[in-house]
Amino acid sequence: MTLSHRDETACQAVSDVLSRVGDKWTVLVVELLSDGPMRFNELRRSIGNISQKMLTTTLRGLERDGLVTRTVYPTVPPRVDYELTELGRELRIPVRALAGWARQNITRINSARQRFDSDRA
């Protein structure tokens with residue numbers, strides 16, 4: 001079975017969006033910004049094990065996709081705040097659902113991983 005051009009275009013669109021929102025850093029940033037605007041260093045401290053480069057890359061991608069706004073305040077040093085847009089706030093719904101599903105099923109997932117790994121050993 002071959003896909004029509006329209007189906008291929010739709011699959012590519014879904015793939016593009018999922019590559020952004022399915023990224024672990026994106027999920028964490030969206031969750032943290034759910035409570036309101038945050039500065040770059042606040043986000044970095046809250047996430048913990050993310051490099052400055054990766055956080056910058058993640059925030060730029062979110063801004064490019066219309067999920068986050070970046071506001072620069074003319075202070076010394078400049079203050080930069082990141083905030084979810086309306087589209088980003090809508091993303092909280094599936095992100096929270098996925099996070100809840102992960103919390104509810106982590107024991108089952110870990111058990112499956114252990115069985116898989118022991119079968120391969």
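The buried residues of helix α3 are covered by elements that include α2 (24–33), β1 (38–39), α4 (52–64) and β3 (79–84), where helices (H or I, at least four residues) and strands (E, at least two) are DSSP runs, numbered from the N terminus. In α3 itself, which spans residues 40–47, F40, L43 and I47 are buried; they lie on the same side of α3 because they cover an arc of only 65° around the axis, the arc being that of the directions from the helix axis to the C-beta atoms. Buried means under 20% relative accessible area, exposed over 50%, and partly exposed in between (1.4 Å probe, protein chains only).

This is a predicted model, in which local features need pLDDT of at least 70 and side-chain atom pairs count only at pLDDT 80 or more, while totals for chains, interfaces and linings use all residues. Residues are numbered from 1 along each chain as its sequence is written, and side-chain values use heavy atoms, with hydrogens and water left out.

A salt bridge is taken as a side-chain nitrogen of Lys or Arg within 4 Å of a carboxyl oxygen of Asp or Glu, and by this rule the count comes to 4, including these:

| Salt bridge | N to O distance |
|---|---|
| E31 and R96 | 3.6 Å |
| D81 and R39 | 4.0 Å |
| R89 and E86 | 3.0 Å |

D81 lies in strand β3 and R39 in strand β1, so this pair ties together parts 42 residues apart in sequence; D81 is buried, with a relative accessible area of 8%, whereas R39 is partly exposed at 42%. R89 and E86, being 3 residues apart in helix α5, are separated by about one helical turn.

Definitions and conventions:
Contact = heavy atoms within 4.5 Å.
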